Amino acid sequence: MKKNFSSSPILYLSAAAIGVALLAGMSAANRIDPSKKWYAMPADTSGITLVKNANGPTLGYSAKSGVKILTVDGLAFKDLNKNGKLDKYEDWRLPVDERAKDLASQLSIDQIAGLMLYSAHQSIPAASRGPLGAGTYGGKPFADGMDAAAISDQQREFLIKDNLRHVLVTSVKSPEIAARWNNNVQALVEGSGFGIPANNSSDPRHSAATGFEYTAGSGGTISQWPDQLGLAATFDPAVIQQFGNIAAQEYRALGIATALSPQIDLGSEPRWVRINGTFGEDPQLDADMARAYVDGFQTSTGDAEIKDGWGYHSVNAMMKHWPGGGPEEGGRDAHFAYGKFAVYPGNNFDEHLVSFTDGALKLAGPTKMVSAVMPYYTISYGRDNVTGENEGNSYNKYLITDLLRKKYGYDGVVCTDWLVTADEGKTPDVFAGKSWGMETKTVAERHYKILMAGVDQFGGNNDAGPVMEAYKMGVKEHGEAFMRARFEQSAVRLLKNIFRVGLFENPYLDVAQSKATVGKPEFMTAGYNAQLKSIVMLKNLQNVLPLKKGATVSTRLLLSTPYFLAMAFITVPLLTLKGFEYLLASIKAGVVPSVV
């Protein structure tokens, strides 16, 4: 176990300092117990106490939760289930797998069903209306004067009533608000049941582009980088790994421990609206970039490492969209019924797997393999070589169990894309549920089919009811013992991702430190440099480059801007090298300079 120095500053007292304190008659001396190998800081203004273990992790707990500290072998542990004794899952000295199995065995089916839920989009504060993140506070919409970091009525209900522990966070008012909201949520769930922390997540949020439900968190006070296609245009895995490392630090400072990325679909269909979120059409380049991306996000080093590369700077990466969402029929996207099919006119299915199997599932770093997988909405038409079934990827046992888990040895979390169990719209162009191939089945039947396919989690579902109905269906078909084991199997996978990043020990944030981390100047500079590197010159007309110092030039430049999948002929005066850089950055941001 590596030492954790990443939390708020802790007071360390050497033997000499303790002696001075005793001589001075300080009241703190009355709290010193020589048999204890830990020391507690006074609670902060929100009631959060930090406890420092000698050669062990810093623990964080809230007075609001009712959790107490146990002393075993002189070390401090959190009594999360409040039973007065140290359970295996509370013992930070034990391997993650052993802790997860112990906790999973103690959970009720209702509690495991809650772990299987992944919330609908949550903005902070909750929006007053709209399809993404709408909510109320004490029955009223958010208004000036309310605490933007408060927990909404809807969030409180799904966290406590439905035992949900995975929250998708979209837009946040500020890093400070996000950190305070995280602390409020963690204090709430720490006091419930077995004290399982919230594993908050985010879609990609480091680009300037917004406008889709999967980019709703983009923008704001955070470092700005190219979209994935722009990152691929750097042709430099080191840049991508640097991005992952920086983004992970900013994510953790916002209370985010899972990234719903990278999107490593092969960009084989240029008409697809999401191609700018891929690493392009080259399978091997995609694999190299995917590997670097996940290594950057998941790997902690030095004092931040707990074990095997996982630690307090780590963010679980969720690769998507298995087995590849790129070959959309006619380029039509599967968010809508008119785009439900993925087709392979060149019979090149295996090429679409390369970024997954040779990239995110085969890391260079110590975490070894991506920790979560999201299948796409699509029906991968004609790909099921066992049953011949054609339904959305999350429903297909061949794609999830036979191919992903058995052939490629993956035993981590598989989470559906959002709303695959919900009903579709009245017409194909309506944005609604995406239960492709299972449209005539009930919501509970869809959940059951997904569970039996080998999936662990349901994206966009706040309600445990259908999961419990699916459990009963399984008991009727397979018996209680079988279904209990099936639920525990998913619970272990889900819990491991929470244990490995240190959330059970300390899920709380230092608000000031979060504010200083997110968007810090060196992170902004790194993002800006990556944007410059991602721009590709297609043709150097009249040999205008390289620019001569102090030269004034008026010419036509042909530039490729992967960020927007566009090429632009632009005629502008280029006054200085700095001005040229400004031009490139302007194009990158989608701002076309005035034509002269």
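Author: Start with strand S8, residues 166-172. Five of its seven residues are buried, so S8 is largely enclosed by the rest of the structure. Buried means under 20% relative accessible area, exposed means over 50%, and partly exposed lies in between, with a 1.4 Å probe and protein chains only. Strands (E, at least two residues) and helices (H or I, at least four) are DSSP runs, numbered from the N terminus.

A word on the source. This is a predicted model, in which local features need pLDDT of at least 70 and side-chain atom pairs count only at pLDDT 80 or more, while totals for chains, interfaces and linings use all residues. Residues are numbered from 1 along each chain as its sequence is written, and side-chain values use heavy atoms, with hydrogens and water left out.

Now the partners of S8. Two strands pair if DSSP finds at least two bridges between them. Strands of a sheet pair through backbone hydrogen bonds, either parallel or antiparallel. S8 runs parallel to strand S7 (residues 122-124), and two bridges join them. Across this pairing, Val-172 of S8 stands opposite Ile-124. Between S7 and S8 the chain passes through helix H4 (residues 153-160), a right-handed β-α-β crossover. Right-handed here has a plain test: with the strands pointing away from the viewer, the path from the first strand over the helix to the second runs clockwise.

S8 also pairs with strand S9 (residues 199-202). The sense is parallel, over three bridges. Leu-168 has Ser-201 of S9 as its bridge partner. The chain reaches S9 from S8 through helix H5 (residues 175-190), and this β-α-β crossover is right-handed.

Follow the pairing onwards. S9 is joined to strand S10 (residues 256-259) by three bridges, and the two run parallel. Here Asn-200 faces Ile-256 of S10. S10 in turn pairs with strand S13 (residues 316-322), in the parallel sense, over two bridges. Thr-258 stands opposite Asn-316 of S13.

Now an antiparallel sheet. Strands S1, S2 and S3 form an open sheet in that order, with antiparallel pairing. S1 (38-40) and S3 are the edge strands, each pairing on one side only. On average, neighbouring strands of this sheet are turned by 20 degrees against each other, direction ignored. Three bridges link S1 to S2 (residues 48-53) in the antiparallel sense. Tyr-39 has Lys-52 of S2 as its bridge partner.

Next, a loop residue. Lys-64 lies in the loop between strand S3 (58-62) and strand S4 (68-72). Its relative accessibility is 60%, so Lys-64 counts as exposed. Its contacts, neighbours within four places in sequence aside, are Ser-46 and Asn-184; contact means heavy atoms within 4.5 Å. Leu-188 is 124 residues from Lys-64 in sequence, but their C-alpha atoms are 7.6 Å apart.

On to packed helices. Two packed helices are described by the angle between their axes and the distance between the axes. Axes are lines fitted to C-alpha atoms, for helices over the stretch in contact, and angles run from 0 to 180 degrees between N-to-C directions. A crossing is left-handed if the near helix is turned anticlockwise from the far one by less than a right angle, and right-handed if clockwise.

Take helix H8 (residues 283-298) and helix H9 (residues 349-360). Their axes come within 7 Å and cross at roughly 35 degrees. The crossing is right-handed. H8 brings residues including Ala-287, Ala-290 and Val-294 to the contact, and H9 brings residues including Val-354 and Ala-360. The contact of H8 with H9 holds six nonpolar, three polar and four charged residues. Nonpolar covers Ala, Val, Leu, Ile, Met, Phe, Trp, Tyr, Cys and Pro; charged covers Asp, Glu, Lys and Arg; the others, Gly among them, are polar.

Helix H7 (residues 237-253) meets helix H15 (residues 521-534). The axes come within 11 Å and cross at roughly 150 degrees. This crossing is left-handed. Among the residues in contact are Val-239 and Ile-246 of H7, with Phe-523 and Lys-533 of H15. By class, the contact of H7 with H15 has five nonpolar, two polar and two charged residues.

One more helix: H2, residues 96-106. Its buried residues include Arg-99, Asp-102 and Leu-103. The buried residues of H2 pack against helix H3 (109-115) and helix H13 (480-499).

Last, the whole protein. It has 16 helices and 21 strands. Of its 596 residues, 57% are buried.
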